[in-house]
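Here are some quick notes to read alongside the model. Have it open while you go through them.

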Amino acid sequence: TMWQGIIKSGEMRKHRMNAERANLMTELRAQILNAGMKGLFLINGGGAVALATWLPAVWGQPWAAPMLRYQVYAMLAFAVGIVFGAFVPLARYLGSLHKNTLHPQKNPFWWAYIILTVSSILSFAVASGLVFCGALKALP
């Protein structure tokens, strides 16, 4: 009986350590995902703000006319990226409530989270490309 008590306390200690590790990993994942979501807002929002301050300054300039259409479309792409990023927390929250939380590949909200994140990043890439193409059009 003494050995059973020792074995049982060892098993309990192991179980407690596993639970603590799982809690720590969950907390770390949440922090990483939160930082990623903030990054989506920062890249798309920062780009939109930069363009929003640039466009009024060059709107009436004849040399800027060839690039304005590209930059307006870039504003749209940045805005779409912000919208995609805004739905990331909702997808994460709904994913945490889904019955397949422990099996992300079987969780539709996990896939929604991935698609929204990638779409937001692609929106930034498209917007940046449009700004660049517009700048090339304005070159003499």
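1. Start with helix H3 (residues 88-97) and helix H4 (residues 108-138), whose axes lie 8 Å apart at an angle of about 165 degrees. Helices here are DSSP runs of H or I with at least four residues, numbered from the N terminus; axes are lines fitted to C-alpha atoms over the stretch in contact, with angles from 0 to 180 degrees between N-to-C directions. H3 and H4 are therefore roughly antiparallel (the label for angles over 145 degrees).

2. Who touches whom? From H3 come Val-88, Ala-91, Arg-92, Leu-94 and Gly-95, and from H4 come Phe-109, Ala-112, Tyr-113, Leu-116 and Thr-117 (contact means heavy atoms within 4.5 Å). By class, that makes seven nonpolar, two polar and one charged residues; Ala, Val, Leu, Ile, Met, Phe, Trp, Tyr, Cys and Pro count as nonpolar, Asp, Glu, Lys and Arg as charged, and the others, Gly among them, as polar.

3. A word on the source: this is a predicted model, where local features need pLDDT of at least 70 and side-chain atom pairs pLDDT 80 or more, while totals for chains, interfaces and linings use all residues. Residues are numbered from 1 along each chain as its sequence is written, and side-chain values use heavy atoms, leaving out hydrogens and water.

4. Now look at H4 against helix H2 (residues 65-86): their axes come within 8 Å and cross at roughly 170 degrees. H2 and H4 are therefore roughly antiparallel too. Their contact divides into 18 nonpolar, eight polar and one charged residues.

5. H1 (2-58), H3 and H4 each give two or more residues to the lining of the largest pocket. H1 gives the most, with five.

Conventions. Parallel < 35°, antiparallel > 145°, perpendicular 65-115°, else oblique.
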